[in-house]
Amino acid sequence: MSETLQATAAPRATGRIHLDKQSPAAYQALVKTADAVRATAAEAGLDRILVELVNLRVSQLNGCAFCLDVHTRAALRAGETTRRLGVLAAWRDTGLFTARERAALALAEATTHPADALAQERAYEAAREVLDDDAISAVIWAAIAINAFNRVSILSKHPVREAPNR
């Protein structure tokens, strides 16, 4: 979440301003929020892989290429497998995710699409079976934070570039 978005391309090359550069104080406040969310998740007992799965699923739903790139690399560094990352968009149709991860992913989706009241109720019901209140709160905060970063990157058109060592 708080991996810096500092894109290297000239903002005008895309016809967009880079919100993180144009309004650095607001962006830094978002980074501090993400840091607090990460600490909250750790205190609630959520491991880094689960948080990265939430970041990735929300970024998939929002279509944020920049955040998908950042958080795929973060998930791999945390020990996530390419197999699970490859099927994350269809997590409901696999047996590869734990009950906690499934509950977190459903909550993340409900947070990303808050107008779907039925999905929210189902997500909360499933979450209550495997997550305590602290974990539920942390998952929702993680989804809120990555949704905000997705909007910054999408509206700024932050580029995804080929890594020099690929």
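Me: At what angle do helix α7 and helix α8 pack in this predicted model, and is α7 parallel or oblique to α8?
Reply: In this predicted model, helix α7 covers residues 117-130 and helix α8 covers residues 133-156, and their axes lie 9 Å apart. The crossing of these two helices, α7 and α8, is right-handed. The angle between them is about 135 degrees, and that makes α7 oblique to α8.

Me: How far apart do the axes of α6 and α8 come, and at what angle do they cross?
Reply: Helix α6, made of residues 99-112, passes α8 in a crossing that is right-handed. The axes of α6 and α8 come within 9 Å and cross at roughly 45 degrees. That angle makes α6 oblique to α8.

Me: Is Ala143 buried or exposed, and how far is Ala143 from Ala108 in space?
Reply: Ala143 lies in helix α8, and because its relative accessible area is 0%, Ala143 is buried. Along the sequence, Ala143 and Ala108 are 35 residues apart, whereas in space, from C-alpha to C-alpha, the separation is 5.2 Å.

Me: Which residue forms a salt bridge with Glu52, and is Glu52 buried or exposed?
Reply: The side chain of Glu52 meets that of Arg48 in a salt bridge, with 2.4 Å from N to O. Both residues lie in helix α3, which spans residues 48-62, and they are four residues apart, about one turn of the helix. Arg48 has a relative accessible area of 30% and is partly exposed, whereas Glu52, at 1% relative accessibility, counts as buried.

Me: Which residues are linked with Glu109 in a network of salt bridges?
Reply: Glu109 forms a salt bridge with Arg57, in which the closest N and O atoms are 2.7 Å apart; this pair links distant parts of the chain, with Glu109 in helix α6 and Arg57 in helix α3, 52 residues apart. Arg92 also forms a salt bridge with Glu109, with the closest N and O atoms 2.8 Å apart, and here Arg92 lies in the loop between α5 and α6, 17 residues from Glu109. At 48% relative accessibility Arg92 counts as partly exposed, whereas Glu109, at 10%, counts as buried. The residues linked with Glu109 in the network are therefore Arg57 and Arg92.

Definitions and conventions:
Residues numbered from 1 in each chain as written. Predicted model: local features only at pLDDT ≥ 70, side-chain atom pairs only at ≥ 80, totals over all residues. Heavy atoms only, no water. Axes fitted to C-alpha atoms, helices over the stretch in contact; angles between N-to-C directions. Parallel < 35°, antiparallel > 145°, perpendicular 65-115°, else oblique. Left-handed = near helix turned anticlockwise from the far one by under 90°. Buried < 20%, exposed > 50% of the residue type's maximum accessible area, 1.4 Å probe, protein only. Salt bridge = Lys/Arg side-chain N within 4 Å of Asp/Glu carboxyl O.
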